[in-house]
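Okay, thanks for coming, everyone. Let me put the model up and then talk through the parts I looked at.

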Amino acid sequence: FFFQAEDGIRDAQESRGLGDVYKRQIQYCRGAQCLVFVFDITNKASFDGVQKYYDQITTSVGKKAVKILIGSKCDEQKKRVVPKKDAEELVKKLGMAEYIEASGKDDIQIDDVFEVGAKVMVEQADFEKKEIERLFTEKQRYQDEVS
């Protein structure tokens, strides 16, 4: 599920009676394995909105889903107002999996968004499988000792 972070978008939705749209967006995210948060590198307000959306979504959906941050419009470096370093720091702070700068207009790193999401989800599933196997083995060992 993709979230375009824009300053005041939720307030604007609610003032036009679209609060239910926002609530449905949250419902669509339940059970998601990957969440992609998108901001415009030429718009500081959109970057500032990422934290708000992240907090709202992870509170409602949970923190288990893989989260990726996308800086869009990387083809417009001259108009850039959000430093790459700030985005990378936000990714670390929020525990997101990856930061990617992309451009739909110039088809820059669009495939990477999906490849990274898929790769991280597979790694997470492998880790969970190994953890389940480890717990099962410990349980078997305990049962053998008790028997």
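This is a predicted model: local features need pLDDT of at least 70, side-chain atom pairs count only at pLDDT 80 or more; totals for chains, interfaces and linings use all residues.

A quick term before anything else: buried means under 20% relative accessible area, exposed is over 50%, and partly exposed is in between, with a 1.4 Å probe and protein chains only. Helices (H or I, at least four residues) and strands (E, at least two) are DSSP runs, numbered from the N terminus. Residues are numbered from 1 along each chain as its sequence is written, and side-chain values use heavy atoms, with hydrogens and water left out.

So, strand S2: 7 of its 7 residues are buried, so the rest of the structure largely encloses it. In a regular strand, side chains alternate between the two faces of the sheet. Here, Cys34, Val36, Val38 and Asp40 point one way, and Leu35, Phe37 and Phe39 the other.

Who's the partner? S2 runs parallel to S3, with 7 bridges joining them; strands pair if DSSP finds at least two bridges between them. Val38 sits opposite Ile70 in S3.

On to the cores, meaning sets of buried Ala, Val, Leu, Ile, Met, Phe, Trp, Tyr and Cys residues joined through side-chain atoms within 4.5 Å. The largest has 18 residues, and Phe37, Phe39, Leu69, Met96 and Tyr99 touch the most other members. S2 (34-40), H3 (44-61) and H4 (84-94) each supply at least two residues, with the largest share, 5, coming from H3. Apart from that lies another core of 11 residues, including Ile70 and Val120.
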